[in-house]
Amino acid sequence: MKERVLSVVVSVYNEEQALPLFYRTTSPILKSLTWDYELIFVNDGSADGSLTILRNLAEQDDRVKVIGFSRNFGHEAAMIAGIDYAKGDAVVCMDADLQHPPECLPAIIQKLESGYGVINMVRTQNKSAGLIKNITSAVFYRVINTLSDVKFEPNASDFFAVSRQAADVLRRNYREKVRFLRGYVQNIGFHKTTIAYEAHDRVAGESKYSIRKLFAFSVNTILCFSSLPLKLGIYAGVFAALLGVVVMIYTLCTRQGAPSGYATIVVLICFMFAILFVIVGIIGEYLAILFSELKDRPVYIVEETKNLEK
């Protein structure tokens with residue numbers, strides 16, 4: 001009987017083509033570990049046959065646990081649900097498309113046994129993402145690290161591992177409705193380390209994150225971890241005041257009642273209104289996040305479970 005248990009949380013959304021291969025690939029690796037394991041699949045409201053496949057796997061293997069959402073709540077909610085239900089001494093979160101290589105699990109166990117509480121998996125390459133997504137990912141991490149007091153590991157992914165103690169912190173304290181789980185993992189402290197890996201090609205299907213969704217996700221992340229955008233009003237006000245002083249000096253020196261040329265005036269007015277509307281928009285985004293928190297709606301709703309009781 002193995003003394004310790006590893007909980008592997010897998011987010012599933014329309015992955016019926018990938019699930020059988022994921023199970024056949026991952027199960028032998030899990031069985032070879034020095035820890036016992038539970039394989040927790042979280043079905044995030046899939047519209048295909050993913051849930052049926054998961055039910056069949058749970059009937060064949062009692063180590064397979066299934067959590068079925070009442071609708072699609074998003075990848076982040078699925079990972080949080082898996083962490084909430086996990087009973088292991090450590091939790092690993094990964095995707096079902098095999099872009100997160102199960103071959104890394106033995107290295108993760110080794111780090112856990114060495115006393116690390118948080119293990120960030122860092123991509124060295126992700127050829128399947130394409131040039132645009134790789135560039136935007138690099139820009140995102142540069143921007144968030146500039147704006148936020150919390151410094152994020154560049155190219156860290158939703159593939160990570162946490163000890164039971166770190167998982168308990170995520171269960172109790174990090175329950176925001178607008179969230180960035182991999183950011184929380186890097187923010188909670190504990191003894192941390194990283195493992196580099198090369199992202200595999202997707203075995204089936206397509207990425208669920210479009211450029212538009214990634215942009216919205218990036219904006220929410222910046223707003224969750226930085227208050228600097230709210231201070232843009234102060235900087236814009238100082239800039240406008242300095243610009244006004246320059247115009248005043250120009251007017252006095254040229255001894256004219258007003259600057260010559262309506263084009264200059266129109267450009268200045270449009271520029272200042274643009275700054276004003278940007279600031280109002282930023283404030284609106286922060287208010288939207290506060291509104292979501294005040295409504296306090298559930299992060300996810302579980303419709304059914306298999307081989308698992310909370």
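Author: Helices (H or I, at least four residues) and strands (E, at least two) are taken here as DSSP runs, numbered from the N terminus. The model is a predicted one.

Reader: Is strand E2 mostly covered or mostly open, and how many of its residues are buried?

Author: Strand E2 spans residues 36–43 and is mostly covered. In a regular strand the side chains alternate between the two faces of the sheet. Asp36, Glu38, Ile40 and Val42 point one way from E2, Tyr37, Leu39, Phe41 and Asn43 point the other way, and all are buried. The count of buried residues in E2 is therefore 8 of 8.

Reader: Which residue of E2 is the bridge partner of Val12?

Author: Strand E1 (residues 5–12) pairs with E2 in the parallel sense over 8 bridges. Within E2, the bridge partner of Val12 is Asn43.

Reader: Which residue of E3 is the bridge partner of Phe41?

Author: E2 also pairs in the parallel sense with strand E3 (residues 64–69), over 5 bridges. In E3, the partner of Phe41 is Val66.

Reader: Through which helix does the chain cross from E2 to E3, and what is the hand of this crossover?

Author: E1, helix H1 (residues 19–31) and E2 make a right-handed β-α-β unit. The β-α-β crossover from E2 to E3 is right-handed, and the helix through which the chain passes is H2 (residues 50–60).

Reader: Why do the buried residues of H2 line one face of the helix?

Author: The buried residues of H2 are Ser50, Leu51, Leu54, Leu57 and Ala58. An α-helix has 3.6 residues a turn, so residues three or four places apart point the same way. On the other side of H2, Glu59 and Gln60 are exposed. Seen down the axis of H2, the buried residues line one face because they fall within an arc of 120°.

Reader: Against which elements do the buried residues of H2 pack?

Author: The buried face of H2 has already been described by its arc of 120°. The elements that its buried residues pack against are E1, H1, E2, E3 and strand E8 (302–306).

Reader: Which element gives the most residues to the largest nonpolar core?

Author: The largest nonpolar core has 37 residues, and those with the most contacts inside it are Leu6, Val10, Phe41 and Ile108. With 5 residues, the element that gives the most to this core is H1.

Reader: Is Asn14 buried, partly exposed or exposed?

Author: Asn14 lies in the loop between E1 and H1, and it has a positive phi of about 55° although it is not a glycine. Buried requires under 20% and exposed over 50%. At 25% relative accessibility, Asn14 therefore counts as partly exposed.

Reader: What is the relative accessible area of Leu98?

Author: Leu98 lies in the loop between strand E4 (90–95) and helix H4 (105–113). Its phi is near 70°, a positive value in a residue other than glycine. Leu98 is buried, and its relative accessible area is 7%.

Terms used:
Residues are numbered from 1 along each chain as its sequence is written. This is a predicted model: local features need pLDDT of at least 70, side-chain atom pairs count only at pLDDT 80 or more; totals for chains, interfaces and linings use all residues. Side-chain values use heavy atoms; hydrogens and water are left out. Buried means under 20% relative accessible area, exposed over 50%, partly exposed in between (1.4 Å probe, protein chains only). Two strands pair if DSSP finds at least two bridges between them. A crossover is right-handed if, with the strands pointing away from the viewer, the path from the first strand over the helix to the second runs clockwise. A nonpolar core is a set of buried Ala, Val, Leu, Ile, Met, Phe, Trp, Tyr and Cys residues joined through side-chain atoms within 4.5 Å. The arc is that of the directions from the helix axis to the C-beta atoms. Contact means heavy atoms within 4.5 Å.
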